[in-house]
Amino acid sequence: MSALRFLCQCCHQPLRLTQSMETLGCDTSQEPLVSKLPLAQGEPGETPEQGSASKVRTDVGKLQDGASGGTLLGHGKKSWSSSSHFTLLGKLDSGRTLSSIQKTTRGIFDILAGEDLDHPLCEDCTDNLLEQLDTQLAISESESQNYSRCLETREGSREDEREALQEELNGLELEKARLVQELEQVERTRVRAVVALQAAQAETEMLGQQERQHHADYSKLQWQQLELSDELESLENQLRYAQTQLALLEKTDAFRSAFEIRHDGPLAIINNFRLGYLPNVPVSWDEINAAWGQMALLLLALSNTVGLQFQRYRLVPCGNHSYLKSLTGDGAELPLFCSSALLYNKFDRAMTAFLDCMQQFKEEAEKGKQGLHMPCRIHAGRGLIEAPGAGGELYSIRTHSNTEERWTKALKLMLTNFKWTLAWVSLKYGQK
């Protein structure tokens, strides 16, 4: 047996050749191996001889190409590797040529693996391959039968299907036309919706601007409301304060608060100004003049309260320089102040005129049910004032031909009348 070995390219097991296969290529004088093998099918138009010859030339060329890449292994072994994917093992017989070995091996594996395979296979792998091919063949035959039955069935029902498909096509065309009309209607509706949307967006923008303006106006009005609320609260506080003050003032006697009349021994005092002069109680003329100014202011206020207009004189209160102005004749001014004896004559005339104005007020105040009653009678023509009580003594208001004690007493009686007058005014005009 030759030492040439082959490996199965599927399971990679070494292949063992039978004796009959090995002897196929031993005699080089015999005809080639391919002549003893079944003829391969040639190309269309070729004769069997031409096909066999071409096949043999092809197979030999492949084996030569596969052996051309061989390498010498150790101990005289040589191997070849090529695109045919098989390996030669063992020593070459000296009685055989490489060409005969290639021809023999090629013929063997053409028989084992078939012409479509290009590598050697063992018997088991060949059986597996055949089983797979048989399975594929059975599947192909079953599919072919199914296709045949389908074609027969289709040819029988082709007319019915054509008519049904035509009717379905007509229905689909009608449906298409209807859908096209609906699409056009939807498109018109979409255009109207777009226009309406744009109008709505413009209106929304305008309403948004109006809302922002309204918010700004509302904030401004709210701020003004807060300011007005604060102002109103302030005014209410002021009103409450004014009402409180009014209530206090209504309870207050204005004349009694503005004019305080009292007595300090023989001297009468008005608003802390003494009126009169005594040898043992000297009083300056400035204080006396200021007291006369207070009496002039009091008499003018009382006359305004009762609505009296003096007939012959007009009072002009000016503090310690008050005077009376005559409304008849040359309109002379009569001073209610004095600083030296040279002015006593005018001062006496002014005091007499003041007593005349007081007499006019008394006459006006005595009218009505709640008329005024002064305790000291006044004799304005003579410049005298009478002490209260039966047989009251008369005191002159002038300084000329008069003593200091009697003049001071006359002034005290005059302030007594004013004190009673204040009480009367408070009682009559203080009631609501």
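I began with Trp292, which is buried, its relative accessible area being 0% (buried means under 20%, exposed over 50%, partly exposed in between, with a 1.4 Å probe and protein chains only). This is a predicted model, where local features need pLDDT of at least 70, side-chain atom pairs count only at pLDDT 80 or more, and totals for chains, interfaces and linings use all residues. Residues are numbered from 1 along each chain as its sequence is written, and side-chain values use heavy atoms, without hydrogens and water.

**Ring pairs**

I found 5 aromatic pairs in the structure (ring centres of Phe, Tyr or Trp, the latter by its six-membered ring, within 6.5 Å; planes under 30 degrees apart are stacked, over 60 edge-to-face, the rest tilted). Trp285 and Trp407 make a tilted pair, 6.3 Å centre to centre with 45° between the planes. Trp285 sits in helix α8 and Trp407 in helix α10, so this pair ties together parts 122 residues apart in sequence (helices are DSSP runs of H or I, at least four residues; strands are runs of E, at least two). I noted Trp407 as buried at 4%, whereas Trp285 is partly exposed at 25%.

Next I looked up Trp292 with Phe354: the pair is edge-to-face, 5.4 Å centre to centre and 90° between the planes. Phe354, in helix α9, is 62 residues from Trp292 in helix α8. Phe354 is buried too, at 0% relative accessibility.

**Ser396**

I placed Ser396 in strand β13 and noted that it counts as buried at 17%. Among the residues it touches is Trp407 (contact means heavy atoms within 4.5 Å).

How values were computed
Lists of a residue's contacts leave out its neighbours within four places in sequence.
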